[in-house]
Amino acid sequence: MESYDLIVIGSGPAGRRAAIQAAKFGEMVLVVEKGRKVGGVSVHTGTIPSKTLRETALNLSGWRERGFYGRAYRVKQDLSADDLRARLEMTLGHEVDVLEHQFARNQVTTLRGEARFTSPTQIEVVGEEDEVFTFEGKRFLLAVGTVPFRPDDIPFDGVSVLDSDEVLELTRLPKSLCVIGAGVIGIEYATIFSALDVHVTVVEPRDTMLDFIDRELIDDFTHQLRDRGMVLRFGRKVEKVSKLPNGGCQVDMEDDRMIRSDIVLFAAGRMGATGPLNLEACGLETDHRGRLSVNPETFQTGQPHIYAAGDVIGFPSLASTSMEQGRIAVCHALGREAHKPPEFFPYGIYSVPEMSTVGMTEEEVRERGISYECGIARFRETSRGHIMGLGTGMLKMLFSLKTRRLLGCHIVGEGATELIHIGQAVINLHGTLEYFVENTFNYPTLAEAYKIAALDAWNKMPRDEFRT
């Protein structure tokens, strides 16, 4: 039986960052990955593929140039699923190559197979050819990620009724698409296919979507989606999904209305991929969604030598935060110094248009009873916005009236996930309104919107709040 200082199960963002960090500390590390190649959900079915699909769709459809040349403008006529998949395969191949090189360079041992606990300190791994390996570990990190939630009453077939992993394997572009679920994944894919001129309908049982985002941002985002023809049906519960004899699908809702579309994408949540781990053998339990509970500062589970990080522990389920969780978890597991997880981190939603947010929303500021002022800038107010042909997009900042510190920054529009890092830095460094008012921003840039929004807030503040 081989023994390791750390055994990592799963090679996604949390697993790979943890394994490499432990190896740099001089520990013997084993990474077990049940997928075809290293990288986990992030590389093969989640973060990288969906963002690659988005970029390909925007480029080939000519989406970014339509502000100048009209809605009929296309870079490539008659786009096909093969066009989208070609770039995807190149990108994923590069990601896997980089990751394998990182593991090799840091002398991290990798093994393809499915792992299960046989005791609190031992696992069995069933390999590619059904051979069984047994390992003992001093410490474990569970970074197995998630799988799509697949209710038994939904007739998934991988062709006309898909989950969010299967959508990447489409062999044809549909003319119409019904997306069930208005969470991050559902909205991202819904807006990507809408940009490809697919008629998209989104069905969501709740009355709102993406409740963790500032409501004013969501209102602007919702207006943009409806303005381009997307149908949003909130507060509607799906009763039945069925395949039609002549092709396509029908979605029946509780109010007796129905939707017919070429394809249905069911994207109403994900489950922790903990089923195969046999957690009973190591004394751990999961919640109803297969997720593990951990100490939020150390990522330690109920078993002192077992840690968990990434999507398997729930919100925020971001590749960026998962990487930090994996690194912090390993530092604690090995008795090394580790910083606390940051209070404020950027949340990026790669929809069309993008959204990104950091800090408190206006709703949260009000709930805490903080006196504040708000500043807003529209991308069309910037010269760079005119150059790019942007008619939409906004940046919103919230400032404390008492301390003048930046409390929250929220962006919807082109480049939002890149622009947000300016706001993130100012928030985490306890910066104030004066930073934006007194500093010079490159011109012409979209980042100039920060100064416009700050001046908007400054102009609305009471005169006795002005700096003397």
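Predicted model: local features only at pLDDT ≥ 70, side-chain atom pairs only at ≥ 80, totals over all residues.
Q: What makes the phi of L210 worth a remark?
A: The phi of L210 is near 50°, which is a positive value in a residue other than glycine. Most residues other than glycine have a negative phi.

Q: Which phi does Q107 take, and where is Q107 found?
A: Q107 has a phi near 60°, again a positive value in a residue other than glycine, and Q107 sits in the loop between α5 and β3, just after α5.

Q: How do you know whether Q107 is buried or exposed?
A: The relative accessible area of Q107 is 69%, and the word exposed is used for values over 50%, so Q107 counts as exposed.

Q: How do you know what span to expect of helix α5?
A: Helix α5 covers residues 81–105, which is 25 residues, and the expected span is 1.5 Å times one less than the number of residues. That rule gives an expected 36 Å for α5, and the helix reaches 36 Å from its first C-alpha to its last, so the span is close to the expected one.

Q: Which residues of α5 are buried, and what do they pack against?
A: The buried residues of α5 are A81, L84, L88, L92, V96, L99 and F103. They pack against α1 (13–24), β2 (29–33), α2 (40–44), α3 (47–61) and β3 (109–119), where a contact means heavy atoms within 4.5 Å. An α-helix has 3.6 residues a turn, so residues three or four places apart point the same way.

Q: What makes the bond from F315 to P316 cis, and where is P316?
A: The peptide bond from F315 to P316 has an omega near 10° and is cis, with P316 placed in the loop between β16 (306–308) and α8 (319–333). Most peptide bonds are trans.

Q: Which peptide bond is cis with omega about 0°, and where does its proline lie?
A: A cis peptide bond with omega about 0° joins Y443 and P444, and P444 lies in the loop between α12 (433–438) and α13 (448–460).

Q: Why is the protein called as compact as a globular protein of its length?
A: The protein has 13 helices and 21 strands. Its radius of gyration is 24 Å, while the globule rule gives 23 Å for 468 residues; the two values are close, so the protein is as compact as a globular protein of that length. Its C-alpha trace spans about 70 × 65 × 40 Å along the principal axes.

Q: What share of the residues counts as buried, and what share of the contacts joins residues 24 or more positions apart?
A: Of the 468 residues, 51% count as buried. Residues 24 or more positions apart account for 64% of the contacts with a separation of 6 or more.

Notes. Residues numbered from 1 in each chain as written. Heavy atoms only, no water. Helix = DSSP H or I, 4+ residues; strand = E, 2+ residues; numbered from the N terminus. Rg over C-alpha atoms; globule rule 2.2 N^0.38 Å. Buried < 20%, exposed > 50% of the residue type's maximum accessible area, 1.4 Å probe, protein only.
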